[in-house]
Amino acid sequence: MTILTVKTNPYSDQKPGTSGLRKRVKAYSQPNYVENFIQSIFDSLDGIEGQTLVIGGDGRFYNDVAIQKAIRIAAANGFGRVLVGRGGILSTPAASHIIRHYGAFGGLVLSASHNPGGPDGDFGIKYNIGNGGPAPEKITDAVFERSKVIESYRTLDTPDIDLDTIGTQQVGGMAVEIIDPVADYAALMQTLFDFDAIRGMFASGFRMTFDAMHAVTGPYAHAILEGMLGAPKGTVINGVPSPTFNHGHPDPNLVYCKEMHDLLMTPDGPDFGAASDGDGDRNLIIGKNRFVTPSDSLALLAANAHLAPGYRGGIAGIARSMPTSAAADRVAEKLGIEMHETPTGWKFFGNLLDAGRVTICGEESAGTGSNHVREKDGLWAVLLWLNILAVRKQGVDAIVREHWRLYGRNYYTRHDYEEVDAAIANNLVDDLRGQLAALPGRVFEDDLQIAYADDFTYLDPVDGSTSARQGIRIGFTDGSRIVLRLSGTGTVGATLRVYLERYEAPDGRHDLDTQLALEPLIGIIESLAGIRARTGRSEPSVIT
Ligand code: G16
């Protein structure tokens with residue numbers, strides 16, 4: 001088969017963000033946009049000849065088109081084998097597992113995560129390395145540099161591959177294996193959790209709703225929850241992946257899962273509600289009358305992980321992204337294990353996990369996971385919660401309250417200002433950065449005194465690399481904290497994120513309304529940064 005070398009012109013905007021290159025489908029549909037980016041990835045890797053590559057995505061609009069292109073370019077660049085999820089489907093954590101399980105060189109994950117899909121929605125491509133995790137900055141920086149000067153890409157002139165039939169086909173000299181997207185992942189879950197105990201809980205009448213949001217976790221949740229664990233049919237809702245997510249927004253938060261949240265707050269509602277996002281790596285956890293914030297969920301899962309067979313020997317350490325609340329730090333302290341604070345982005349956990357220094361990681365952005373893969377994992381979090389509920393024989397609310405009585409409560413919220421003019425957002429951050437040196441010592445209402453103010457720089461303790469300018473932190477003497485940073489996953493304008501946290505000791509008040517508890521901090525950041533005045537917004541677009 002003749003390899004075609006096709007001339008192309010570089011694009012200047014193929015800089016991977018927090019998690020791969022996310023753009024509007026319209027941007028991805030430009031001539032050679034996909035080809036340029038994938039060729040730039042392959043050009044930035046050494047030793048791909050004859051290797052195995054995993055390809056899969058969340059099934060969103062354009063997935064099918066991009067996968068066919070990716071297969072041809074992989075074949076023309078000398079890969080020996082690609083493993084593709086049937087129908088082009090692989091959840092992000094399943095892709096991570098498949099890369100590790102089959103010893104692949106790496107993988108292409110086609111997803112824009114929780115962003116909306118469809119012709120007017122978003123698409124994304126992310127490269128994961130052989131440990132199953134997102135490529136570190138060293139690689140994503142090289143890909144961006146390459147994309148700015150690329151002059152040609154390699155491909156083959158072959159018909160489309162049938163993605164729907166399990167088995168092996170040949171594209172040029174490369175084998176294309178279409179594999180079951182669920183089986184290997186489900187088998188892994190079975191090794192980690194006490195399926196008998198969870199099955200018993202369902203058999204004794206425990207009721208749950210899992211909202212797959214018309215996205216990738218549908219097939220996984222049907223197979224594991226309703227199939228292997230015996231949850232009644234109908235437990236999984238919106239379980240058929242749709243290219244547009246049924247015209248919805250597959251972000252498992254209290255805005256887009258409001259109906260489920262409200263149901264959980266009623267006396268007749270189910271005992272447990274959960275959801276996952278577009279590509280299956282995020283999670284939402286709601287108990288009867290109790291929403292669990294992602295930061296609290298991380299702390300609770302870490303404190304109770306030993307109740308699941310996969311973690312019975314204890315956990316080595318915990319890592320959380322910088323804006324995530326410090327609730328997990330208190331658990332690590334009590335357990336006497338390592339605690340790490342990393343920049344936003346799952347890629348920063350990879351080295352710590354590979355080095356065996358941490359077992360459980362989590363982020364305020366609804367992501368938790370462990371060393372079983374190198375991505376956050378929505379269904380994993382749901383299954384660990386189920387395992388804990390089955391063993392402790394208590395409801396979510398009781399478990400959360402008990403945790404606060406033991407460790408104290410970190411009130412926490414995030415205010416997002418979406419699609420803000422990028423210049424305004426950048427100026428706002430720059431101006432705040434300019435004030436940082438003068439802030440320590442300043443006292444505000446409620447005796448809130450600033451202890452430190454900086455722009456977070458991360459020093460990776462494993463490979464010694466540093467990542468600067470990862471978000472502004474303003475810490476107070478009582479443990480309260482304000483963090484402000486710009487999102488790296490938005491596709492239009494800038495998204496300003498403000499993270500607010502206040503600590504209440506074990507014997508303090510744990511029943512306050514979160515927004516009220518954080519009101520003084522909301523006032524302080526407004527007075528320092530002037531968000532509302534400068535953006536012209538009277539309130540955040542999303543509060544989580
Ligand atoms: C991605 C990253 C996460 C990050 C989140 C939000 O998640 O993998 O590590 O916390 O984006 O990032 P940002 O605040 O920069 O928008 P996902 O689920 O979108 O892949």
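Close-up 1. At 12% relative accessibility, Arg22 counts as buried, because the cut-off for buried is under 20%. The structure shown is a predicted model. Arg22 sits in strand β2. Its side chain makes a polar contact of 3.4 Å with the side chain of Ser19. Ser19 belongs to the loop that runs between β1 (3–7) and β2 (21–24). Ser19 is buried too, with 19% relative accessibility. Now look further along the chain. Ser113 is 91 residues from Arg22 in sequence. In space, the two C-alpha atoms are 9.1 Å apart.

Close-up 2. How many residues are around the ligand? There are 19. Those that come nearest are Glu363, Arg485, Gly488, Thr489 and Arg497. By type, the shell divides into one nonpolar, 10 polar and eight charged residues.

Close-up 3. For Ser365, a polar side-chain atom lies 2.7 Å from an oxygen atom of the ligand. With Gly345, the polar atom is in the backbone, and the distance to a ligand oxygen is 3.2 Å. How much of the ligand's accessible area does the protein cover? On its own, the ligand has 460 Å² of accessible area, and the protein covers 99% of that.

Close-up 4. Helix α7 spans residues 195–203. Its buried residues are Phe195, Ile198, Met201 and Phe202. They lie on the same side of α7, because they cover an arc of only 120 degrees around the axis. The reason lies in how such a helix turns. An α-helix has 3.6 residues a turn, so residues three or four places apart point the same way. What does the face turned away from the buried side carry? On that face of α7 are the exposed residues Asp196 and Ala203.

Close-up 5. Helix α8 covers residues 217–228. Buried here are Thr217, Gly218, Tyr220, Ala221, Ile224, Leu225 and Glu226. These residues are on the same side of α8, because their arc around the axis is only 170 degrees. Gly230 follows α8. The phi of Gly230 is positive, near 70 degrees.

Close-up 6. Most residues other than glycine have a negative phi, and most peptide bonds are trans. Asn246 is in the loop between β11 (236–237) and α9 (258–264). Its relative accessibility is 46%, so Asn246 counts as partly exposed. Asn289 also has a positive phi, near 60 degrees. The loop between β13 (283–287) and β14 (290–292) holds Asn289. With 46% relative accessibility, Asn289 counts as partly exposed.

**Close-up 7. Cysteines in the model.** A disulfide is a covalent bond between the sulfur atoms of two cysteines. How many disulfides does the model have? The count is zero, with a cut-off of 2.5 Å between the sulfur atoms. Take Cys257, which is buried at a relative accessible area of 2%. Cys361 is buried as well, at 0% relative accessibility.

Close-up 8. His510 is in the loop between β26 (494–504) and α16 (514–517). Val149 is 361 residues from His510 in sequence, and their C-alpha atoms are 56 Å apart in space. Lys334 lies in helix α11, residues 327–335. At 53% relative accessibility, Lys334 counts as exposed. Tyr407 is 73 residues from Lys334 in sequence. Between their C-alpha atoms the distance in space is 8.9 Å.

Methods:
Residues numbered from 1 in each chain as written. Predicted model: local features only at pLDDT ≥ 70, side-chain atom pairs only at ≥ 80, totals over all residues. Heavy atoms only, no water. Buried < 20%, exposed > 50% of the residue type's maximum accessible area, 1.4 Å probe, protein only. Helix = DSSP H or I, 4+ residues; strand = E, 2+ residues; numbered from the N terminus. Arc of directions from axis to C-beta. Near = heavy atom within 4 Å. Polar contact = N/O pair within 3.5 Å; in protein donor to acceptor, adjacent residues only side chain to side chain. Areas by Shrake-Rupley, 256 points an atom, 1.4 Å probe, with all protein chains shown as cover. Nonpolar A, V, L, I, M, F, W, Y, C, P; charged D, E, K, R; others polar.
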